[in-house]
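Please consider the predicted model shown below.

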There are 2 protein chains.
Amino acid sequence: MQSEPTVYVVDDDEPIRDSLRMLLRSAGLPVETFASAQQFLAAYTPPAPGCLLVDVRMPGMSGLELQELLAARKIALPVIIITGHGHVAMAVRAMKAGAADFVEKPFDDELLLECIRRTLARDADTRRRQSRSSESTQRLAALTPREREIMEHLVAGKSNKAIAADLGISARTVEVHRARIMEKLEAKSLADVVRIALSS
Amino acid sequence: MQSEPTVYVVDDDEPIRDSLRMLLRSAGLPVETFASAQQFLAAYTPPAPGCLLVDVRMPGMSGLELQELLAARKIALPVIIITGHGHVAMAVRAMKAGAADFVEKPFDDELLLECIRRTLARDADTRRRQSRSSESTQRLAALTPREREIMEHLVAGKSNKAIAADLGISARTVEVHRARIMEKLEAKSLADVVRIALSS
DNA sequence: AGGTCCTTACGTACAACTGCGTATTTATCC
DNA sequence: GGATAAATACGCAGTTGTACGTAAGGACCT
């Protein structure tokens, strides 16, 4: 069960949270608001799609720290940084750290919405791509160590005979493993196997 | 013959050009300076490696415009933007447009050097990766239309027979094409063909 | 007229796929 | 402890797929 793409707003200033919630809701976007990075982290269950709208200056964990923490945990939720007193160095740092955008307060409602929509669209796109590759990863995980070993030889372009010689086993055994690999990967041809092995 | 990675400095202010040239030369980095974007464009021969150090505010073409022009021409030279009077929106725009960094004047010499070294290192890395993929592209370009068509069927996992049936030709012809494909791509196995076809 | 491309047949040799049968080891569950 | 499943291993035989040498014809472009 995967949830709907949601805009997660994290800001310690309640009036701002409320106004953002109104703005986003009126634009038809699902919103959840949090008063701190900790609250957000407690509630967010990866890898729910959407994007994060976070203020830089907050008691406890700052927006930039939250961004870095998500990156360290390999959570690919795009982050839009909002700031009241931003300067260039901070913006550059955030963007280099992978922020989707960096917006100064006071912001124009329409521009912010536009920016959020673009970010959500890119996130959806990224997730579509990743779901395909994670499907490959899952199938690969179903292989036994021996099968994986033989698959690597296959992808390297070796013949069954050569693999058998390399591993000191009979060609027949390689064939059996090969058949199992094709079955587990749902591959109908060697080309499929190579594609799946490379796409993980 | 490929040139050495060079730092291309573009700034209309001569004292700054000179001081940057001194700084970079003393750091052992090859430098070329230009007074305008046009001068740089006239002298730069893609895809020479290195990085571009460019001021935002210049008569004629601005640094940001130059950056966009390079992107439009698909010239992958990393760009470091320098500015005297930058603001956050400009920095964000430059970074979103793919700038490697965005530095405010007056800058710290050591920090700038560090930033340039990182950018050069990343550029060298990117070029290594791309040279491998462009090798594939070149080989693929040597295929005739018919060979390319058959290669696509092969990569899709079809057998010679199936391809022959699809194209309404004899299996032997497919074999001949297949052999030519392997030869031109310098592939020793079907797995190699798939890899090359996917890596382009 | 020569070059490249696309096409084909015959025959030989090797490689791969499949079904069927067998066997050992290890892990897991009752 | 015994049953069961999964992983690993091997052989034979038959069918299908692939590789390659040789030889050669038609289309098209320069």
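In which loop of chain B is Lys74(B) placed? The residue belongs to the loop between helix H3 (63–72) and strand S4 (79–83) of chain B, where helices (H or I, at least four residues) and strands (E, at least two) are DSSP runs numbered from the N terminus. Lys74(B) is not a glycine, yet its phi is positive, near 60 degrees. With 75% relative accessibility, Lys74(B) counts as exposed; exposed means over 50% relative accessible area, buried under 20%, and partly exposed in between, with a 1.4 Å probe and protein chains only.

The conventions are as follows: residues are numbered from 1 along each chain as its sequence is written, and chains are lettered from A and ligands numbered from 1 in the order in which they are written.

Glu186(A) sits in the loop between H8 and helix H9 (190–199) of chain A and is exposed, at 53% relative accessibility.

Cis peptide bonds are the next feature. One joins Lys105(A) to Pro106(A), with omega near -5 degrees, and Pro106(A) lies in the loop between strand S5 (101–104) and helix H5 (109–141) of chain A. In chain B, the bond between Lys105(B) and Pro106(B) is cis, with omega about 0 degrees; the loop between strand S5 (101–104) and helix H5 (109–141) of chain B contains Pro106(B).

The text now turns to the DNA. Around DNA strand D there are 15 residues, the closest being Thr144(A), Arg146(A), Ile169(A), Ser170(A) and Arg172(B); a residue is near a strand if one of its heavy atoms lies within 4 Å of it. Of the atoms of DNA strand D that come within 4 Å of the protein, 63% belong to sugar and phosphate. By class, this surface has one nonpolar, six polar and eight charged residues.

Individual contacts can be located as well. Arg146(A) places a polar side-chain atom 2.6 Å from a phosphate oxygen of DNA strand D, and a polar side-chain atom of Arg172(A) is 2.9 Å from a base nitrogen of DNA strand D. H8(A) gives the most to the surface near DNA strand D, with five residues.

Note on methods: This is a predicted model: local features need pLDDT of at least 70, side-chain atom pairs count only at pLDDT 80 or more; totals for chains, interfaces and linings use all residues. Side-chain values use heavy atoms; hydrogens and water are left out. A polar contact is a pair of N or O atoms within 3.5 Å; within protein, one must be able to donate a hydrogen and the other to accept it, and residues adjacent in sequence count only if both atoms are side-chain atoms. Ala, Val, Leu, Ile, Met, Phe, Trp, Tyr, Cys and Pro count as nonpolar, Asp, Glu, Lys and Arg as charged, and the others, Gly among them, as polar.
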